[in-house]
Amino acid sequence: FRRGLVLGRRAVALSPSTAAGYGVVGDALIELGRYETAFATFDRMVALKPSVSSYARVSYARELLGDVPGAARAMRLAVESAVGEPEPLAWSLTQLGKLYWSSGHLAAASRDYRAALRAHPRYPAALNALALVEAARGRQSSAIAYARRAAEILPLPQYVSTLGDL
């Protein structure tokens with residue numbers, strides 16, 4: 001991450017009005033534990049270019065601080081930024097759902113995972129996440145069906161292992 005920080009800072013020096021370089025710098029700073037500077041860097045990124053990428057980073061930063069409501073607000077801005085782009089919209093809605101899932105709000109999580117699937121019907125991360133919600137609700141056959149669909153689309157270990165957990 002130290003190398004990433006060096007490269008990100010070079011990118012910012014070459015083009016200080018381009019948001020992407022700030023994302024690289026902020027990500028490296030997060031991983032190096034330099035949160036305050038990282039958060040300021042993400043704020044600069046959002047100011048330059050409000051986008052899925054910048055809002056998602058702000059959301060993650062807030063989540064790291066334990067501010068789940070603030071993280072959800074930032075992720076809703078990411079969702080709004082992704083309208084009209086099926087995969088970024090599905091990703092943003094799935095991330096928002098995961099914030100709700102992690103704080104025990106199954107109905108909200110389910111709503112966002114289903115919205116992700118309306119945007120991108122074969123989005124495996126949303127299918128897998130919805131499988132977990134269905135399992136938590138005691139709907140095993142539905143949970144298994146969602147997990148199977150995710151594993152058929154993209155047979156990653158985490159999707160296949162969900163089947164074993166159900």
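Author: A term first: a salt bridge is a side-chain nitrogen of Lys or Arg within 4 Å of a carboxyl oxygen of Asp or Glu. The model shown is a predicted one. With that cut-off, the side chains of Glu134 and Arg137 meet in a salt bridge, with N to O at 3.9 Å.

Reader: Which residues are linked with Glu134 in a network of salt bridges?

Author: Besides its bridge to Arg137, Glu134 forms a salt bridge with Arg114, where the closest N and O atoms are 3.3 Å apart. That pair links distant parts of the chain, since Glu134 lies in helix α8 and Arg114 in helix α7, 20 residues apart. The network that includes Glu134 is made up with Arg114, Arg137 and Arg139.

Reader: Is Glu134 buried or exposed?

Author: A residue counts as buried when its relative accessible area is under 20%. Arg114, at 30%, is partly exposed, and Arg137, at 33%, is partly exposed as well. Glu134 has a relative accessibility of 3%, and therefore counts as buried.

Reader: What kinds of elements make up the protein, and how many helices are there?

Author: From the N terminus on, the elements run α-α-α-α-α-α-α-α-α-α. The protein accordingly has zero strands, and its number of helices is 10.

Reader: Why can the buried residues of α3 be said to line one face of the helix?

Author: The buried residues of α3 are Ala38, Phe39, Thr41, Phe42, Met45 and Val46. Seen down the axis of α3, these buried residues fall within an arc of 160°, so they line one face. An α-helix has 3.6 residues a turn, so residues three or four places apart point the same way. The face of α3 turned away from the buried side carries the exposed residues Glu36 and Ala47, while what covers the buried residues includes α2 and α4.

Reader: Which residues does Phe42 contact, leaving aside its neighbours within four places in sequence?

Author: Phe42 is found in helix α3, and at 2% relative accessibility it counts as buried. Leaving aside those sequence neighbours, the residues in contact with Phe42 are Tyr22, Gly23, Gly26, Asp27, Ile30, Arg57, Val58 and Ala61.

Reader: How far apart are the closest N and O atoms of the salt bridge between Arg57 and Asp27?

Author: Arg57 lies in helix α4 and Asp27 in helix α2, so the pair ties together parts that are 30 residues apart in sequence. Arg57 counts as buried at 18% relative accessibility, whereas Asp27, at 32%, counts as partly exposed. The closest N and O atoms of this salt bridge are separated by 2.7 Å.

Reader: Which helices do the buried residues of α6 pack against?

Author: Helix α6 covers residues 86-102 and reaches 24 Å from its first C-alpha to its last, close to the 24 Å expected at 1.5 Å a residue. Its buried residues include Leu89, Leu93, Leu96 and Tyr100. The helices that the buried residues of α6 pack against are α4, α5, α7 and α8.

Key. Residues numbered from 1 in each chain as written. Predicted model: local features only at pLDDT ≥ 70, side-chain atom pairs only at ≥ 80, totals over all residues. Heavy atoms only, no water. Buried < 20%, exposed > 50% of the residue type's maximum accessible area, 1.4 Å probe, protein only. Helix = DSSP H or I, 4+ residues; strand = E, 2+ residues; numbered from the N terminus. Arc of directions from axis to C-beta. Contact = heavy atoms within 4.5 Å. Expected span 1.5 Å × (residues − 1).
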